[in-house]
Amino acid sequence: PDASPGGIGGAARPGIGAVAVVNAAGRIRRFGGPLPERRSPVDAPGPARATTLGVVAVEATLSAGQAQMLARMASAGMARVIAPAFTPFDGDLVFVLATGVEGPVDAAGLARLGDDAATTLAHAIVDALPPPAPWQVLDAGPAAMLGHNNLTAMIFTVTRGRAPGTMARHRRTPQWLAALDGAPFGVWLAPPGPTPRDPAWVEVPAGAMLGLAPGTWHRGPVPLPEGRVGRYLSLEAPHTGTDDHEEQDPATATSAP
């Protein structure tokens, strides 16, 4: 859910657009993802080696003072998705361009525009991140799902062994798996794609949970050590099992995407 450094990203909405160049000292939080862990001092870069630069363009007509205020309000978008933001290691800066296509704004209009600018810049910063990994082991347990809405909890019992076989995926929705007793477990995983190719065996340590990006092929969980009975929690969108479920055997799968 987080990454640093990022790259170059952009976002737009009616009347406003933003571009961000991201190489932040802090961690970047994807919208709806878990809060990033705090960096230890040894992870901090040296002075002047990190920064986030933003350019916000609006169609309104602004005075120099209004543009300066808008830049200050837009910078709040950094704090929404970077933790920590504005550190001693960052040279964070926001520029504002006013095209004058639309007329001038009053104080109330500038306040609304500033909120829109912060939101748009935050989206541009997140857009700078590389695509999320198909799967991720999370050490925060179920608390890592705070911020994800409309999830259904399913509890099930598993006795299967490690042998590979038919794998499943949910094309449109993510999924999280955790052992109810906190025991370690294993899962066969393959990246998103029309067929499950080159499955990898991934072991999730005790007390952790596994997050799967949409489309990730999986078979499991498998209780560890093998031979024991495991009870598991699956967090997923409602009706995932009926409306967004596909199964294929990696050895014979030939379906189109």
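1. Contact here means that heavy atoms lie within 4.5 Å of each other. The model is a predicted one, and the points below keep to what can be read from its coordinates. With contact so understood, Asp-115 touches Met-73 and Arg-80 when residues up to four places away in sequence are not counted. Asp-115 has its place in helix α3 and is partly exposed, with a relative accessible area of 40%. From Asp-115 to Ser-75 the distance is 10.0 Å, C-alpha to C-alpha, for a separation of 40 residues in sequence.

2. On the chain as a whole, there are 4 helices and 16 strands. Of its 257 residues, 41% count as buried. Among the contacts in the chain with a separation of 6 or more, 81% are accounted for by residues 24 or more positions apart.

3. Helix α1 covers residues 64–74 and helix α3 covers residues 107–127, and their axes come within 8 Å and cross at roughly 45°. An angle under 35 degrees would count as roughly parallel and one of 65 to 115 as roughly perpendicular; α1 and α3 are therefore oblique to each other. The crossing of the two helices is right-handed.

4. Which residues of α1 meet α3? On the α1 side they are Gln-66, Met-69, Leu-70, Met-73 and Ala-74, and their counterparts in α3 are Leu-110, Ala-111, Leu-113, Gly-114, Asp-115, Ala-117, Ala-118 and Leu-121. Taken by residue class, this contact of α1 with α3 divides into 10 nonpolar, 2 polar and 1 charged. Asp-115, discussed above for its contact with Met-73, belongs to the α3 side of this list.

5. The burial pattern of α1 can be set beside its contacts. Gln-66, Ala-67, Leu-70, Ala-71 and Ala-74 are the buried residues of this helix. Seen down the axis of α1, these buried residues fall within an arc of 140°, so they line one face of the helix. As background, an α-helix has 3.6 residues a turn, so residues three or four places apart point the same way. The face of α1 that is turned away from the buried side carries Gln-68 and Arg-72, which are exposed.

6. What covers the buried residues of α1? The cover includes strand β4 (51–58), helix α2 (76–81), strand β6 (93–98) and helix α3. Gln-66, Leu-70 and Ala-74 are buried, and these residues are also among those of α1 that meet α3.

7. Ala-11 is found in strand β1, residues 8–13, and its C-alpha atom is separated by 5.9 Å from that of His-123, which is 112 residues away along the chain. Once neighbours within four places in sequence are left aside, Ala-11 is in contact with Gly-17, Ala-18, Thr-120, His-123 and Ala-124. Val-21 has its place in strand β2, residues 16–23, and is partly exposed, with a relative accessible area of 38%. The C-alpha atoms of Val-21 and Leu-53 are 5.1 Å apart, although 32 residues separate them along the chain. With the neighbours within four places again left aside, Val-21 is in contact with Gly-7, Ile-8, Thr-51, Thr-52 and Leu-53.

8. The bond from Ala-83 to Pro-84 is cis, with omega near -5°, and Pro-84 lies in the loop between β5 (82–83) and β6. The bond from Leu-224 to Pro-225 is likewise cis, with omega near -5°, and Pro-225 is found in the loop between β14 (217–223) and β15 (230–236).

9. Positive phi values also call for comment. Phe-86 has a positive phi of about 55° although it is not a glycine; this residue lies in the loop between β5 and β6, the loop that also holds Pro-84. Is Phe-86 buried or partly exposed? With a relative accessible area of 44%, Phe-86 is partly exposed. Asp-198, a residue other than glycine, has a positive phi near 50° and lies in the loop between β11 (185–190) and β12 (200–204). Asp-198 is exposed, with a relative accessible area of 70%.

Methods: Residues are numbered from 1 along each chain as its sequence is written. This is a predicted model: local features need pLDDT of at least 70, side-chain atom pairs count only at pLDDT 80 or more; totals for chains, interfaces and linings use all residues. Side-chain values use heavy atoms; hydrogens and water are left out. Axes are lines fitted to C-alpha atoms, for helices over the stretch in contact, and angles run from 0 to 180 degrees between N-to-C directions. Angles under 35 degrees count as roughly parallel, over 145 as roughly antiparallel, 65 to 115 as roughly perpendicular and the rest as oblique. A crossing is left-handed if the near helix is turned anticlockwise from the far one by less than a right angle, and right-handed if clockwise. Ala, Val, Leu, Ile, Met, Phe, Trp, Tyr, Cys and Pro count as nonpolar, Asp, Glu, Lys and Arg as charged, and the others, Gly among them, as polar. Buried means under 20% relative accessible area, exposed over 50%, partly exposed in between (1.4 Å probe, protein chains only). The arc is that of the directions from the helix axis to the C-beta atoms.
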